[in-house]
Amino acid sequence: GHLSAFSPETRSRVIQRLSKPDLSIKDPKSDAAVMVLLCKWKETPSLLYTLRTGSVRSHRGQVCFPGGLRESDDADLTATALRELAEETGIDSAKVDVWGSTYAFRTLTRTRVTPVLGSIDEISEKDMRKNDAEVESIFFVSLSVLADFSQR
């Protein structure tokens, strides 16, 4: 049968498959985290993305998940991802149901980036306040488009 992206069964299955943060990447220069946010945008299961401004120091004009470098007062990389989500989009991190994190990857600049998966049931413009200094726009891509190989 077809499971809703937001069903307790789907959530449980995904959490079981998520790993602990992968700290096996040796000698990272720094640690960072990104928030992969599953949400309902206009009643459609979607992922949230941001488009970086042309004036930021790194990753100018790139499409990305909200995220950034771990700061000394971040309890862990999940806290980093939640803080960055709030800073970049204005979304209240207390409303995010964190499912866990998955394998880290290493960037060309030796930053170890850990993706953190979270969900927020329904989201609208009133829930967001983009950081104009960092974010050009916030947009959503539906899971059905992401799963449709003819869209690539």
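Predicted model: local features only at pLDDT ≥ 70, side-chain atom pairs only at ≥ 80, totals over all residues.
Reader: How many helices and strands does the protein chain have, and in what pattern do they follow one another?

Author: The protein chain holds three helices and eight strands. Read along the sequence, these elements give the pattern α-β-β-β-β-α-β-β-β-β-α.

Reader: Which aromatic residues form one cluster with Tyr-49?

Author: The whole structure contains three aromatic pairs. One of them joins Tyr-49 to Phe-65, with 4.8 Å from centre to centre and 25 degrees between the planes, and this pair is stacked. Tyr-49 also forms a stacked pair with Phe-139, at 5.7 Å centre to centre and with 15 degrees between the planes. The residues that form one aromatic cluster with Tyr-49 are therefore Phe-65 and Phe-139.

Reader: How many residues apart in sequence are the parts that the pair of Tyr-49 and Phe-139 ties together?

Author: Phe-139, which is partly exposed with a relative accessible area of 28%, belongs to strand β8 (residues 135-142). Because Tyr-49 lies in strand β2, the pair ties together parts of the chain whose distance in sequence is 90 residues.

Reader: Which strand runs parallel to β7, and how many bridges join the two?

Author: Strand β5 (residues 97-101) pairs with β7 in the antiparallel sense over four bridges, and Gly-100 has Leu-117 in β7 as its bridge partner. Strand β6 (residues 105-106) is likewise paired with β7 in the antiparallel sense, over two bridges. The strand that runs parallel to β7 is β1 (residues 30-41), where Leu-38 stands opposite Ser-119, and the number of bridges joining β1 to β7 is 12.

Reader: Which residue in the turn of the hairpin formed by β6 and β7 has a positive phi?

Author: Within the pairing of these strands, Phe-105 has Val-113 in β7 as its bridge partner. The hairpin leaves four residues between β6 and β7, and the residue in the turn with a positive phi, of about 65 degrees, is Arg-110.

Conventions
Residues numbered from 1 in each chain as written. Heavy atoms only, no water. Phe/Tyr/Trp six-rings, centres within 6.5 Å; stacked < 30°, edge-to-face > 60°. Buried < 20%, exposed > 50% of the residue type's maximum accessible area, 1.4 Å probe, protein only. Pairing = 2+ DSSP bridges.
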